[in-house]
Amino acid sequence: MQADGHRSRILERYEKSGIDAFHDYEILELFLTVIIPRKDVKPLAKKLIEKYKTVSGVFNAPKRELEEIDGLGKRSVLLIKFIKDTQGFCLKEEITGNKFRIKDKKDIAQYLSFNFGNLREEYIILILLDNQNAVISAEVAAEGSAAKCPVQPQKLFDRALQVKAAGVIIAHNHPSNSLEISKSDWLLTQKIAEVGETLEIPLIDHIIISGNDILSLRENQKEKRLWK
């Protein structure tokens, strides 16, 4: 009964003051009260924050790792991942809307950083544009680093040709939390740009994602001069 009273109070606080009035562990506590009934979940919420440091860190943690945490349970883990995926889906819906046009990297920064900025694995993302710079699709092209990229540039453009794209943006995340551009990043960029030039589907940019930050290779090309 005491736990039920605490649940009611924390819900009332949220209704009255919103999420900004909560400590980080209380945000998780409120979430966990919904999916773990009849149990004091405050210790579990605090344990998750202690381990992952932030609420974002919890929601970005690998599924297999969360499943090993005592007291969390498979149902809770699935709902954590579902909420993260749903938020990512909403951001993807925003950039693939018919009226959305990409003017520079800031227009897709939130989508990229939210979905890929805090992941521990590396992903290569393919964003395909029409001739008005509207996003036709945004999808994961491959998993792996630029140094050991498991996808060939021609395969990226096979997809571009399939949807009749007029331009291509690629992005990949750095789990190392570094925005430093490697030789492999430049080499991959050059290969993709060359194929795109041949097919008359230009590579618009190559973006690196790290946490909440992104970096455009086009804006930082200096002596490379891959773009005019």
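**Fold and pockets**

Guide: Start with contacts along the chain. In this predicted model, 58% of the contacts with a separation of 6 or more join residues 24 or more positions apart.

Visitor: How many helices and strands does the protein have?

Guide: Nine helices and five strands. Along the sequence, the pattern is α-α-α-α-α-α-α-β-β-α-β-α-β-β.

Visitor: What box do the C-alpha atoms fill?

Guide: Roughly 70 × 35 × 30 Å, along the principal axes. Of the 228 residues, 44% are buried. The accessible surface is about 13300 Å², and carbon and sulfur atoms hold 50% of that.

Visitor: Now the pockets. How do I find empty space?

Guide: Rolling a probe the size of a water molecule over the atoms shows where empty space is left. Here, the largest pocket has a volume of about 420 Å³.

Visitor: Which residues lie nearest the centre of the largest pocket?

Guide: K84, D85, N115, F116 and L119, out of 22 lining residues. Two or more lining residues come from each of α4 (55–60), α5 (63–66), α6 (73–95), α7 (106–116) and β2 (135–143). The most come from α6, with six. By class, the lining has ten nonpolar, nine charged and three polar residues.

Visitor: Which helix gives the most to the lining of the second largest pocket?

Guide: Helix α9, residues 183–199, with five residues. This second largest pocket holds about 290 Å³ of space. Its lining includes Q190, E194, R218 and W227. Five of the lining residues are nonpolar, five are charged and two are polar.

Key:
Residues are numbered from 1 along each chain as its sequence is written. This is a predicted model: local features need pLDDT of at least 70, side-chain atom pairs count only at pLDDT 80 or more; totals for chains, interfaces and linings use all residues. Side-chain values use heavy atoms; hydrogens and water are left out. On a 1 Å grid over the protein atoms alone, a cavity is a set of points where a 1.4 Å probe fits but cannot get out, and a pocket is an open set with protein on both sides within 12 Å along at least five of seven lines; lining residues have an atom within 4 Å of a point. Grid points are joined across faces, edges and corners, and a volume is the space filled by probe spheres set on the points. Helices (H or I, at least four residues) and strands (E, at least two) are DSSP runs, numbered from the N terminus. Ala, Val, Leu, Ile, Met, Phe, Trp, Tyr, Cys and Pro count as nonpolar, Asp, Glu, Lys and Arg as charged, and the others, Gly among them, as polar. Buried means under 20% relative accessible area, exposed over 50%, partly exposed in between (1.4 Å probe, protein chains only). Contact means heavy atoms within 4.5 Å. Accessible areas come from the Shrake-Rupley method with a 1.4 Å probe; for residues, only the protein chains shown count as cover.
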